[in-house]
Amino acid sequence: MGKVSAFGLFAICSILVFSCNNKVPIVSEKAPVKEEILPPSIPEGAVIPAFNGKIEIKVVFADNPTSASASFPKLKYNKSKAILMEFDDAALTVTNAYQKLSNAFYTDGCGNKKNYSLGLAVNGKNQYNNKEIGLYTDFAATYTQRLPLIQKGMDIMNHSYYHNEDGNFNNGSDRVKNVRDLDEMILLNERYKMNTLVVPSNYVGFHKAASAYGYIGGSSQGTFDDFVQIGKYNPKNKLSDIKPFNYLAIRRAFSDDWSNNGAQWELANSLFTGNTFDFFEIGTHGIKDPKAVQNFNQWIDNIVLKAKDVAIFCSLREFLEYQYIKDHVIKKETIAGKTLTISLDYAAVLNKNISWYDLSLLVNSDKAISSVSINNADFALAFNKTSKLININKRKIKW
């Protein structure tokens with residue numbers, strides 16, 4: 001469950017320091033933050049509709065194969081490990097994190113670098129003064145600050161319109177309204193459609209509301225409603241536990257301790273020293289001082305070193321959308337001479353406001369690959385002749 005954050009201004013001429021531990025709000029003597037008056041930047045160009053068509057990938061071999069087929073690896077880019085992360089409460093320091101993440105990479109298995117990325121779980125309004133979180137400066141990541149990070153791979157996640165049930169302004173226990181109103185606010189102001197949830201505090205009912213609203217999944221440290229969560233007892237999660245789903249709830253870890261004793265260090269080290277689990281998800285309120293930034297950077301460096309390019313580091317949404325698509329897309333294959341044609345029909349992928357339409361394929365054949373082509377220029381294509389890995393990538397960031 002997420003730790004409680006009394007989200008807002010508590011006294012005149014003072015700002016609330018984020019906290020998610022059920023304590024009385026911590027107040028500083030700083031001048032009140034200024035509200036941003038400029039509207040957020042929105043990507044130019046027409047809105048691209050959801051993709052529900054067919055793709056054909058043609059694999060040409062050096063000679064006629066005895067047999068040839070293609071399968072989806074369990075993780076994107078045929079990786080074996082994954083780390084999922086989010087910053088809660090629209091943490092302003094996500095901008096500091098991306099100074100590091102933008103320069104930390106794994107590869108797609110086909111020679112292309114992919115920078116580390118994560119999710120930003122946001123709220124809609126301050127429950128003490130009803131100010132819009134996305135319009136604050138020097139307080140939380142604003143709409144304008146979020147856009148370039150979205151373009152670098154960040155996802156925006158639903159953390160409830162108001163964080164708590166109490167306060168001067170709130171929606172009480174109406175989870176549906178909290179999910180819906182924030183979704184509509186983000187769509188209006190950022191032209192971005194959310195698809196994942198982080199449960200605020202330990203409130204029940206948010207997973208149910210998100211699922212009913214069409215989201216693909218959500219996470220918590222311990223609240224899962226009626227869903228059978230991935231990570232039954234702890235956040236050391238196994239890919240084998242993920243079955244075809246319409247909504248998936250995942251147990252996550254949480255740490256605001258960015259010393260070398262933080263939970264994130266043990267999780268990352270354990271992930272790469274054995275095969276007892278395949279992935280973990282972790283949240284934080286951010287990296288709030290120079291020492292925390294330094295330790296965050298060291299943690300990322302440690303992961304890059306130990307992962308040896310076997311892991312992806314991304315948002316919950318990017319992770320889940322790959323799992324969802326590979327289990328729902330209709331794949332057909334035909335062989336004619338030297339050519340294997342792979343047809344991928346997205347019609348069975350229900351409209352869950354997919355952002356990452358990416359898929360990876362592993363070709364199994366007794367003949368070497370000469371070339372690979374795709375009949376849809378909206379999808380980027382990459383392949384590795386040696387490993388016979390094929391990646392197709394397409395991301396939607398404007399709705």
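A salt bridge is taken here as a side-chain nitrogen of Lys or Arg within 4 Å of a carboxyl oxygen of Asp or Glu. The structure is a predicted model, in which local features need pLDDT of at least 70 and side-chain atom pairs count only at pLDDT 80 or more, while totals for chains, interfaces and linings use all residues. Residues are numbered from 1 along each chain as its sequence is written, and side-chain values use heavy atoms, with hydrogens and water left out.

A search of the whole structure finds 17 salt bridges. One of them joins the side chains of D309 and K79, at 3.2 Å from N to O. D309 lies in the loop between helix 6 (290-307) and strand 15 (311-314) and K79 in the loop between strand 4 and strand 5, so this pair ties together parts that are 230 residues apart in sequence. Helices (H or I, at least four residues) and strands (E, at least two) are DSSP runs, numbered from the N terminus. With a relative accessibility of 6%, K79 is buried, whereas D309, at 33%, is partly exposed. These classes rest on relative accessible area: buried is under 20%, exposed over 50%, and partly exposed in between (1.4 Å probe, protein chains only).

A second salt bridge links E266 and K236, whose closest N and O atoms are 3.0 Å apart. Because E266 lies in helix 5 (residues 263-273) and K236 in the loop between strand 11 and strand 12, the pair ties together parts that are 30 residues apart in sequence. E266 is partly exposed, with a relative accessible area of 41%, and K236 is partly exposed at 30% relative accessibility.

Within helix 7 (residues 316-328), R317 and E321 are four residues apart and thus separated by about one helical turn. Their side chains meet in a salt bridge of 2.9 Å, N to O. R317 is buried, its relative accessible area being 0%, and E321 is likewise buried at 0%. Salt bridges that share partners also join K76, E318 and D358 into one network.

Two buried charged residues have no salt bridge. K352, in the loop between strand 17 (339-345) and strand 18 (359-365), is buried without such a partner, and the nearest side chain of opposite charge, E321, is 9.6 Å away. In assigning charge, Lys and Arg count as positive and Asp and Glu as negative; His and the chain ends are not counted. The side chain of K352 does reach the backbone oxygen of Y215, at 3.3 Å. D89, in the loop between strand 5 (81-87) and helix 1 (94-101), is also buried without a salt bridge, and K288, its nearest side chain of opposite charge, is 7.4 Å away. A polar contact of 3.4 Å joins the side chains of D89 and H285. A polar contact is a pair of N or O atoms within 3.5 Å; within protein, one must be able to donate a hydrogen and the other to accept it, and residues adjacent in sequence count only if both atoms are side-chain atoms.

In the loop between strand 5 and helix 1, A90 has a positive phi of about 50° although it is not a glycine. A90 is buried, with a relative accessible area of 0%. Y77, placed in the loop between strand 4 (68-71) and strand 5, has a positive phi of about 65° and is not a glycine either. At 4% relative accessibility, Y77 counts as buried.

Y77 is also among the residues nearest the centre of the second largest pocket, together with K114, G153, E318 and W356; 16 residues line this pocket. A pocket is an open set of points on a 1 Å grid over the protein atoms alone, where a 1.4 Å probe fits, with protein on both sides within 12 Å along at least five of seven lines; lining residues have an atom within 4 Å of a point. About 270 Å³ of space lies in the second largest pocket, a volume being the space filled by probe spheres set on the points, which are joined across faces, edges and corners. Strand 7 (113-115) and helix 2 (143-151) each supply at least two residues of the lining. By class, the lining has four nonpolar, five polar and seven charged residues. Ala, Val, Leu, Ile, Met, Phe, Trp, Tyr, Cys and Pro count as nonpolar, Asp, Glu, Lys and Arg as charged, and the others, Gly among them, as polar.
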